[in-house]
Amino acid sequence: MKRLLFALPLLVALIIGGFAIWGLSGGRDPSALPSVLISQPVPQLDLGPIEGVDRPGLTTADISRMEGIKLLNVFASWCAPCRAEHPNLTRLGQEEGLTLIGINYKDKPEAAAKWLEELGNPYTALGSDYAGRAGIDLGISGVPETFIIDADGIIRHRFAGPVVGDGLKRFMDALDEVRK
Amino acid sequence: MIRAALVALALLASPAFAVEPDEVLSDPALEDRARAISANVRCVVCQNEPIDSSNAGVARDLRVLIRERLVAGDTDQEIYDFLVLRYGDFVLFKPPFKPSTYALWLGPFAILFIGGAAVAISLSRRPRRPATKDTHLSTKEETELAKLMEEDKSL
């Protein structure tokens, strides 16, 4: 009994040390926020089209009518990481047969139109969220953010940040998870 | 002269408040409530700062939104619920008491209880000093004491 008591400080040190190692390893991002929208249907959105862009706006009903897996991408022309991830999303849409839906966040319509003309427009539907209210409804903290929506219109994954490099790999893993 | 100007400038300098003049409501009571709510809501971009003092775009949007809802007649609780529905409990600096936060709220008390129990057990195990020591006065001391008391009375 006495001997056990002497081992106690060592045990406590091991527990704390183990927790520290767990916390520092495995590429965990402590600032990543859990999204409350996972496993939930898409919140009520009703966004008009971007002026000067030949794509319809979007509502939640429109999204649930679309078939297959959808990527809901929140982007802006003023956001450099959005530009970086754009070719990846375009390619994903083509190669994986995904429907791309865009929300143009706090952006001037003319700037967004120019941006899409320059980089290509892979989106089936495009909503303009000039006031940023749809962004709040989706609980985003910035752009870009991409949500994976399954065939039933349920949000399955929230990806904050650009889908590039290591992020692309993590995004593909999440996509495979949804496809299962 | 220059020194006076510098002092005046230093006095003018005040901490930067994130709430911008165009956000402030004309009704001071509502504005006070808005400030109180904003102080309890975490900014999701700069995570350890309340939206009240954050300069992030989303924080400003949330401040404006809170004020709009206050003007529309929402209660404080309705506003908190609205935010939690979108951003989760994480936006509240004071998380609610529910199964997923039991460890958070009760953990410190559990640790205090374990520590207290450990102290109590170790104290109760310690062998007590035998109370055999004679505390009574001897006959000689008794008489001496009586004498002193007498002296005291005669004074």
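Chain B contains 6 helices and 0 strands, where helices (H or I, at least four residues) and strands (E, at least two) are DSSP runs numbered from the N terminus. Read from the N terminus on, its elements follow the order α-α-α-α-α-α. The model is predicted: local features need pLDDT of at least 70, side-chain atom pairs count only at pLDDT 80 or more, and totals for chains, interfaces and linings use all residues. Residues are numbered from 1 along each chain as its sequence is written, while chains are lettered from A and ligands numbered from 1 in the order in which they are written.

Of the 155 residues of chain B, 14% are buried, that is, 20 or more other C-beta atoms, placed from the backbone, lie within 10 Å of the residue's own. Two residues are in contact if their C-beta atoms, placed from the backbone, lie within 7 Å. Among contacts in chain B between residues at least 6 apart in sequence, 48% join residues at least 24 apart.

In soluble globular proteins, nonpolar side chains tend to be buried together. A nonpolar core is a set of buried Ala, Val, Leu, Ile, Met, Phe, Trp, Tyr and Cys residues joined through C-beta atoms within 7 Å. The largest one here has 39 residues, and V74(A), I101(A) and I149(A) have the most contacts inside it. Among the elements of chain A that each supply at least two residues of this core are strand 4 (70-75) and helix 3 (80-95). A second, separate core of 16 residues includes I51(B), L62(B), I66(B) and L83(B).

The contact between the chains takes 10 residues from chain A and 12 residues from chain B.

Terms used
Buried ≥ 20, exposed ≤ 12 C-beta atoms within 10 Å, placed from the backbone.
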